[in-house]
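Hello,

Here is the structure I promised to pass on. My notes follow below it.

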Amino acid sequence: MKAYEAVKKILGKKKSRPQEMGQAYAPVNIALCKYWGKRDDELNLPVTSSLSIALPNKGTTTTIQFNHGERDHISVNGEAIPETSFFSERLVHFLDLFRGTKKTHFDIWAESSVPIGAGLASSASGFASLVLALNQLYRWQLDASSLSILARLGSGSACRSIAPGFVKWLAGNKSNGMDSYAEVLPYSWKNLRVGICLISPHEKAISSRQAMQQTLDTSPFYPAWPQLVKHHLKSLEKAIADQDFELLGTTAESNSLAMHACALTAYPPICYSLPETVSFKHKIWALRAEGLSVYFTQDAGPNLKLLFLVEDEDKIINAFPDIEIITPFQGNDELVT
Ligand code: PMV
């Protein structure tokens, strides 16, 4: 119900003739300071603010059209999604917010360049691209913060995938969530690299939604989390403004370890790491002890994302031959607008 109210508030009395089709791309985003815990489960309102970096060439393109049938048809990477799957139910429930009438149904094609549900932010880019495609289909012409709020209703971290580069999701404190959206941090960082270490492409056993709730409800460490996040956000914003890589890396890694420490101490415990994840971490720490400036961050899955600078690229490829390297910012170190 609250989600309907939020949509109504944003779309107001907008009534324009829809287009034939909407199509949009949104990148995945990797949190350097994680969103872990909700203050409102229906609106996906977070306990704390968070901060991420977008990976421009990793993401989802969503195409949407009206259909004249009895239900929505959804396909992902060319495969029809069964109506009864959890994935389809979640999407249909989200689309209910925008149908106008109960008879309106959609055909949706999503093409994603990251594995689904493996902690590689596929749902963030998926919901963000869907909202951007709906914005086109219905010709809403919404501003960035409204689009971010709508994407948040699908998946919290999707609100950060509306924009490129470094993005901060402001937690806000209003109960309707109208002040909880993402903002671009106006900095770019040409030499920065993100490496994806794919340890397993399989779907995670426990969703981030369930895991963060379980952590919030039961981890004895969770009360320390919001304080820690405040401190990490300050450090990350300083690191980004000063292009201080050591500060960025140490803070992002430490934030990720703290999130996983909270999850591990939940009851029942939540452990997203596989044995290979742990050995990769040891390898990263060993390389760092030898003087290589490389850090990791981990989300709700076993895969790691490495942070390093372009000058160390050869050494990183040597150590992790299967790594996929992303350049988050092309061009110069000018401000992102
Ligand atoms: O937006 P969700 O429900 O997929 O949760 C995302 C949770 C993390 O990826 C672990 C952290 C984050 O901020 O992206």
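**Ligand site**

An N or O atom in the side chain of Ser155 sits 3.1 Å from an oxygen atom of the ligand. Please keep in mind that this is a predicted model. Arg160 also reaches the ligand: a side-chain N or O atom of Arg160 is 2.8 Å from a ligand oxygen atom. Gly156 uses its backbone instead, with an N or O atom 3.5 Å from an oxygen atom of the ligand. On its own the ligand has 380 Å² of accessible area, and the protein covers 90% of it.

How many residues surround the ligand? There are 14, and the closest are Tyr35, Ser155, Ser157, Arg160 and Ser208. By type, the shell divides into six nonpolar, five polar and three charged residues.

**Asn29**

Two of those closest residues, Ser157 and Arg160, also touch Asn29. Asn29 belongs to strand E1. Asn29 counts as buried because its relative accessible area is 3%, under the 20% cut-off. What does its side chain meet? The side chain of Asn29 makes a polar contact with the side chain of Ser52, at 3.5 Å. A polar atom of the Asn29 side chain also lies 3.1 Å from the backbone oxygen of Ser157. Beyond four places in sequence, the residues that Asn29 touches include Ile53, Ala54, Ala121, Ala124 and Ser161.

**Cores**

The largest nonpolar core has 49 residues. Which of them touch the most other members? They are Leu32, Trp36, Phe166 and Leu248. Strands E1, E4, E8, E10 and E12 each give two or more residues to this core, and so do helices H5, H6 and H7. H7 gives the most, with seven residues.

Leu32 shows how the parts meet. Leaving aside residues up to four places away in sequence, Leu32 touches Leu51, Ser52, Ile53, Phe166, Leu236, Leu248, Ala252, Asn255 and Leu307.

**Helix H4**

H4 spans 144-154. Why call H4 largely enclosed by the rest of the structure? Because nine of its eleven residues are buried. The buried residues are Ser146, Leu147, Ser148, Ile149, Leu150, Ala151, Arg152, Leu153 and Gly154. Their cover includes helices H1, H2 and H3, and strands E3, E8 and E9.

**Backbone points to check**

Most residues other than glycine have a negative phi, and most peptide bonds are trans.

- Asn44 is not a glycine, yet has a positive phi of about 50 degrees. Asn44 is in the loop between strands E2 and E3. Asn44 is buried, because its relative accessibility is 0%.
- Gln141 is not a glycine either, and its phi is positive, at about 55 degrees. Gln141 lies in the loop between H3 and H4. Is Gln141 buried or exposed? Gln141 is exposed, because its relative accessible area is 72%, over the 50% cut-off.
- The peptide bond from Tyr267 to Pro268 is cis, with omega near -5 degrees. Pro268 sits in the loop between H7 and H8.

Tyr267 lies in that H7-H8 loop too. With a relative accessible area of 65%, Tyr267 is exposed. Tyr267 still touches Gln214 and Thr218, not counting residues up to four places away in sequence. Its C-alpha atom is 15 Å from that of Ser207, which is 60 residues away along the chain.

**Val114**

One last residue. Val114 is in the loop between strand E7 and H3. Val114 counts as buried, because its relative accessibility is 6%. Val114 and Phe66 are 48 residues apart in sequence, and their C-alpha atoms are 26 Å apart.

Best wishes

Methods. Residues numbered from 1 in each chain as written. Predicted model: local features only at pLDDT ≥ 70, side-chain atom pairs only at ≥ 80, totals over all residues. Heavy atoms only, no water. Helix = DSSP H or I, 4+ residues; strand = E, 2+ residues; numbered from the N terminus. Buried < 20%, exposed > 50% of the residue type's maximum accessible area, 1.4 Å probe, protein only. Contact = heavy atoms within 4.5 Å. Core = buried A, V, L, I, M, F, W, Y, C linked by side-chain atoms within 4.5 Å. Near = heavy atom within 4 Å. Polar contact = N/O pair within 3.5 Å; in protein donor to acceptor, adjacent residues only side chain to side chain. Areas by Shrake-Rupley, 256 points an atom, 1.4 Å probe, with all protein chains shown as cover. Nonpolar A, V, L, I, M, F, W, Y, C, P; charged D, E, K, R; others polar.
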